[in-house]
Amino acid sequence: MDLGRKIAAALEAATFERVARVGLANAEGNRPRIVRSILDLAEMQLGAGDTAIVVGAGPSLHRRRSLERLRASGFAGTIVAADGALGACLRAGLVPHVVVSVDPHAERIVRWFGDPALTEAPADDYFRRQEMDPIQREDELRANRALVELVDTYGPKIKVAVATSAAPAVVERCEQARMELYWWNPMYDDYDKPDSLSRRLWEENRLPCLNGGGNVGTAAWVLTHAALGKRRIGLVGIDLGYAPGTPYEKTQYYPELVELLGTRHREAFIHTENPVTREVWFSDPAYHWFREVFLEMAREADGQTFNCTEGGLLFGDGVTTVPLETFLETAGLEARKDHHG
């Protein structure tokens, strides 16, 4: 087994242990609050037609001004956002139909919804260290206050596809902002195994189990396809990699890689040229695995996936790479054709 595979296996094992343990505990606590399932979303008119845009929080979202261009286009289809992209969407004047949240972390994830309890910069440098949202990095407290106001204003218009693994703080914040919650179970393991955690969870709450591919961006794509039934899905901000020039210490799994490898941590990063932009992006073993899983699922999906991110590392069989405007123009033509029968 090469170094990358060893690291990926170690990260996966550590992540699974944390996510499963905390996620299952959160599911137990969330059970009394469950009213609606994501299956209920399929019955709703969320945007026009069969086309959707999934918004991730990757660096291309800001580098390519994807949201500003999306808003200017007047796109009438469905918009589904990862929780980490919610603030960027609202600041750009876009209100997603659905926001997806899955990570069980007790303190971090609520900040994507604006945390009213945050009154001083936290010791945790998760938001300062990374570049998922430049506004957060510049001034955490000011950005948080502004996000609280935005989510309070637009919350009643947004539906949240929330995993049962979500932290209590996230659920409480969504309820406080009058967002409607629609629940699902993350797929923790092979449902067919006799001791499957996923099957046990389903038996307890009877909610659909979705394979989210290990990250919220992929989970948002899966939900858009499997639960909302959209057959033409465009992606923005789904990079599954780090932008050229990003310091290694500002990547998501840097602390874990240093813990695993010490001074050899640089060997874990994989540099790849994007065949369209000709930029050299890079990933770590975790992001590389996310990419492989996404491509495998996209190849098997009943529908078309278009990467309009204009950067990143998500390219290969199963995903068609196009500029955002090309996808939006095609979406407009399809909508007009559907309208006229």
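Is Y287 buried or exposed, and what is its relative accessible area? Y287 is buried, with a relative accessible area of 13%; buried means under 20% relative accessible area, exposed over 50% and partly exposed in between, with a 1.4 Å probe and protein chains only.

The views below show a predicted model, in which local features need pLDDT of at least 70 and side-chain atom pairs count only at pLDDT 80 or more, while totals for chains, interfaces and linings use all residues. Residues are numbered from 1 along each chain as its sequence is written, and side-chain values use heavy atoms, with hydrogens and water left out.

View 1. Nine strands, in the order β6-β5-β4-β3-β2-β1-β7-β10-β11, form an open sheet with parallel pairing. Strands (E, at least two residues) and helices (H or I, at least four) are DSSP runs, numbered from the N terminus, and two strands pair if DSSP finds at least two bridges between them. The edges are held by β6 (209-210) and β11 (320-321); each has a single partner strand, so one side of each is left without a neighbour in the sheet.

**View 2. Strands β2 and β3.** Three bridges join β2 (residues 78-82) to β3 (residues 98-101) in the parallel sense. V80 stands opposite V98 in β3.

**View 3. Helix α9 on the sheet.** Helix α9 (residues 197-205) lies across β5 (180-186) and β6, running at about 140 degrees to β5. Contact means heavy atoms within 4.5 Å; axes are lines fitted to C-alpha atoms, for helices over the stretch in contact, and angles run from 0 to 180 degrees between N-to-C directions.

**View 4. Aromatic rings around Y287.** Across the whole structure, a search finds 13 aromatic pairs. Rings of Phe, Tyr and Trp (its six-membered ring) pair if their centres lie within 6.5 Å; planes under 30 degrees apart count as stacked, over 60 as edge-to-face and the rest as tilted. Y242 and Y287 are stacked, at 4.8 Å centre to centre with 25 degrees between the planes. Y242 lies in the loop between β7 and α11 (254-261) and Y287 in helix α12 (residues 285-300), so the pair ties together parts that are 45 residues apart in sequence. The rings of Y287 and F290 have centres 5.8 Å apart and planes at 45 degrees, so this pair is tilted. F290 counts as buried, at 7% relative accessibility.

**View 5. Arginine over tyrosine.** R36 lies over the face of Y182, at 5.0 Å from the ring centre. A charge sits over a ring if NZ of Lys or CZ of Arg is within 6 Å of the ring centre and within 35 degrees of the ring normal.
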